Amino acid sequence: ERAAEEAAGREYMRNLDELMAKANNKKTIASWNYESNLTTYNEEQLLKISLELAEDQKEYWKETMSYLWHEFEDEDLKRMFQKYSQLGTAALPEDLNERLIMAINNMQSNYAKATICDYKDRTKCDLHVEPDVTEIFANSNDAEELKYAWVEWHKAAGAPSKGNFTEYVQMDNEAAKLNGYDSVAEWWLGEYEEEDSEDQFAALWAQIKPLYEQIHAYVRRHLRLKYGEDVVSARGPIPAHLLGNIWAQTWNNVEKFTRPFPDKSDIDVTAALIAQNFTALKMFKTAEEFFTSLNLQPMTDTFWEKSIIEKPDDGREMVCHASAWDFYDGEDFRIRQCTTITDAFFKTTHHEMGHIQYYQQYKDQPVVYRAGANPGFHEAVGDVIALSVATPKHLRVMGLLEDGPDDLESNINQLYKMGLDKIVFLPFGYILDLFRYGVFRGTTTPNEYNCHFWQLRESLQGVEPPVPRTEEDFDPAAKYHISADVEYMRYYISYIIQFQFHRTLCQLAGEYTPGDSSNLLSNCDIYRSTAAGDALGKMLQMGSSRPWPDAMEAITGQRKMDASGVLEYFAPLYDWLKAENERNNEFVGWEPSTVQYC
Ligand SMILES: C=C(C[SeH])C(=O)N1CCC[C@H]1C(=O)O
Ligand SMILES: [Zn+2]
C-alpha cells in the first residue's frame, strides 16, 4: 500500500517539477524585464504573472499535501516533498501578496532611481549609485565632499523607503507564519538547515573579531594621519564616509594611501585593465577562460545573446546592482551588471560568473534542487576563482602586473589589500541580517530602526555616521539588499567558507601544503588545475539535493563551516598588524561614539 503511494508520489513529483520549471521561467522573464527597464507596464506584467503563479502554486500545494510523504521511505523523495510543502509568499491571500510585491517594487525602484547632486555643481543632479556615487567614494580625498555625498545618498535612497519597508515586514512576516515560522528570521535561517545556525554564525564572528580589530586599528591610524585628529579620533569608531565605499562594507579604496610598505610596487589593476584596453566583454571572456581552464563549463550562446553587461545609454531606469539569473530551462542563463573598467568590477564579473557556473552545473537536477547547498555556497563560487585571479602571480600571467619582488614586504602589502576586502567585509556581512532578524522578530520596532541599525554598525563594525541621525532617516534601505528583499547572511557565510574551499582546491592543484611556508595560501593560483576544477564541479552539481554539510564534506572533507581558512590565509598579516599596532602604541578596539544617532 505505502509502496504504491510512494510510486504515485514519485510520478507526481516528476510532473510537478516540469510544471514548476515552466512557471519559474515565466516569472523570471517578467522579473528580468521589469528590473531591466523599470516601466509601469513591466511592473504591471510582473505583478499579474506573480499573482497568477501564486494562485497556481496554491492549487499544487493542496495536491502535494494530500500525499502521506512524511512516511515515505525514500529520503530523497521526502526531501523534495518537504521543499514543495513550503509555499513561500504564495501562501498569502492575494490582496496581501499584492501589497507585499508592491512594497518591494516601490523600494527597489526608489533605490534604482535615486540620484544625488554633484558637490561642486548643484545643478547637476543625475548622479546614480552606479557608477557616480561609487566613483566619488573611490576617488575623492575631500572629507567634506565625501560627507555631502554620504548624507545626500542616504537621504535619497534610504529615507523614502521607511514606510514601504514596514509594510514589507508585516506582509512577509504574515507569509512566514503561514509557512509555519514565527517570523521571516526563522524562515531565512531555515535555509541553513541546522538548529543552531545563529550560534554558528556568532561563533564564526568570535573567531574573526581579533583579526578585524587589528586591521580596524591600523586603518583608523592612517586615516587619522591623513584627515587629522578632529576628523578621525584615536580611540573611537571610524566615520563611515572616509572608507572608500558608500556603505563602508569594504575598504579597498583606502589601500593606496594606507599600504604597509608604500615604496613597494603598487598593484593598481584598474590602471592596468584600462592600459590593456579591457572592455566589459573582454572582462567576461577573460573570466570565462579561467573557468574553462579548470574543465568547468563555458557560458552558453544564450548567455552571450541575452546578458546585459553594460548600462544601456537609452536613458531607461533599471536595476544596475549586479545579478546572475537562472531561467530554469537549462540553456538561458544571464548576468546583468553595469560594468565599468575597474578592479572591483573585474572581481564582480568573476563573482557573477560563479553563480552562472553553479546554475549550469546543477541544471539537470530537479527544479526544487536548483539552488546552492546553502545561500552562502552560491556567493562563494566566483569569489574562490577570484582569490586565484587576484594573486600577483596570476596578474603577471595575464600581463596586468609587471614582474616584482616576492619578498615579505610585498607579501604583506598583498595580504593587506586582500584584507581590506575580505576581513573588513565580515562584520558588515554579519550585521545586515542581525538588524533584520530583530526587525522581523519585533525586537526592533519602526520608531527605532535607525537607532538599532547604527548600534550594530558601531558595536560590531566600529564605524559611526559622519553626521547625527534621527528616525526621519532610514539608512538600512540605502543598501541595495535591504531595498530589494535579498537575504544578506549568505555573503558573511561566503566570505568564510570560500577560504575553506580555496585551501582544499589549492592542495588539489599542488599549489599549497599546510605548514609549508614556502608556498603561502595567499599566493596560490589554481588556474588550469583540472583536479581542482573537477572537485569543485562535482560539489556544484549537487545543488541543494543534500544538506549543505554533505556538499562541504564532498569538497573539503569537513562537515563544518569555520574560520580556520580565513585565519590561515591571513596569519602573516595578523602577526604584522599586531606588531605594527603595538609599535605605534595604537589603541585596538573602539570607545563609544560621540555622534548622536539614537
Ligand atoms: C555582487 C553582488 C550580487 Se550577488 C553582491 O550583492 N555582493 C557581492 C559582495 C557582497 C554583495 C554586495 O555587493 O553587497
Ligand atoms: Zn552573488
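Helix α5 (residues 129–139) gives the most to the lining of the second largest cavity, three residues. The structure is a predicted model: local features need pLDDT of at least 70, side-chain atom pairs count only at pLDDT 80 or more, and totals for chains, interfaces and linings use all residues. Residues are numbered from 1 along each chain as its sequence is written, chains are lettered from A and ligands numbered from 1 in the order in which they are written, and side-chain values use heavy atoms, with hydrogens and water left out. Helices (H or I, at least four residues) are DSSP runs numbered from the N terminus; strands (E, at least two) are treated likewise.

**Cavities**

- A cavity is a set of points, on a 1 Å grid over the protein atoms alone, where a 1.4 Å probe fits but cannot get out; lining residues have an atom within 4 Å of a point.
- Grid points are joined across faces, edges and corners, and a volume is the space filled by probe spheres set on the points.
- Three cavities of 30 Å³ or more are counted.
- The largest cavity has a volume of about 110 Å³. Its lining includes Val269, Asp343, Phe346, His350 and Met418.
- Helices α13, α14 and α16 each supply at least two residues of the lining of the largest cavity. The largest share, four residues, is from α13.
- By class, the lining of the largest cavity has seven nonpolar, two polar and three charged residues. Ala, Val, Leu, Ile, Met, Phe, Trp, Tyr, Cys and Pro count as nonpolar, Asp, Glu, Lys and Arg as charged, and the others, Gly among them, as polar.
- The second largest cavity holds about 80 Å³ of space. Of its 15 lining residues, Phe137, Ser140, Asn141, Asn253 and Phe257 lie nearest its centre.
- Eight nonpolar, six polar and one charged residue line the second largest cavity.

**Second largest pocket**

- A pocket is an open set of points with protein on both sides within 12 Å along at least five of seven lines.
- The volume of the second largest pocket is about 380 Å³. It is lined by 26 residues, and Pro392, Pro405, Asp406, Asn411 and Asn523 are the closest to its centre.
- Both α15 (392–397) and α16 (408–441) supply at least two residues of this pocket's lining. Helix α16 gives the largest share, six residues.
- The lining of the second largest pocket divides into six nonpolar, 10 polar and 10 charged residues.

**Zinc site**

- His351 (NE2), His355 (NE2) and Glu379 (OE) coordinate the zinc ion (ligand 2) at 1.9 to 2.0 Å.
- Donors are N, O and S atoms within 2.8 Å of the metal (3.2 Å for Na, K and Ca); water is not among the atoms, so sites may look incomplete.
- Along the chain, the zinc donors follow the spacing H-x3-H-x23-E. Histidine 351 in helix α13 and glutamate 379 in helix α14 (residues 375–389) are 28 residues apart, and the pair links distant parts of the chain.

**Ligand 1**

- Among the 13 residues around ligand 1, His321, Glu352, Lys479, His481 and Tyr488 come nearest. A residue is near if one of its heavy atoms lies within 4 Å.
- Taken alone, ligand 1 exposes 380 Å², and the protein buries 85% of that. Accessible areas come from the Shrake-Rupley method with a 1.4 Å probe.
- Helices α13 (343–361) and α19 (489–508) each give two or more residues to the shell around ligand 1.
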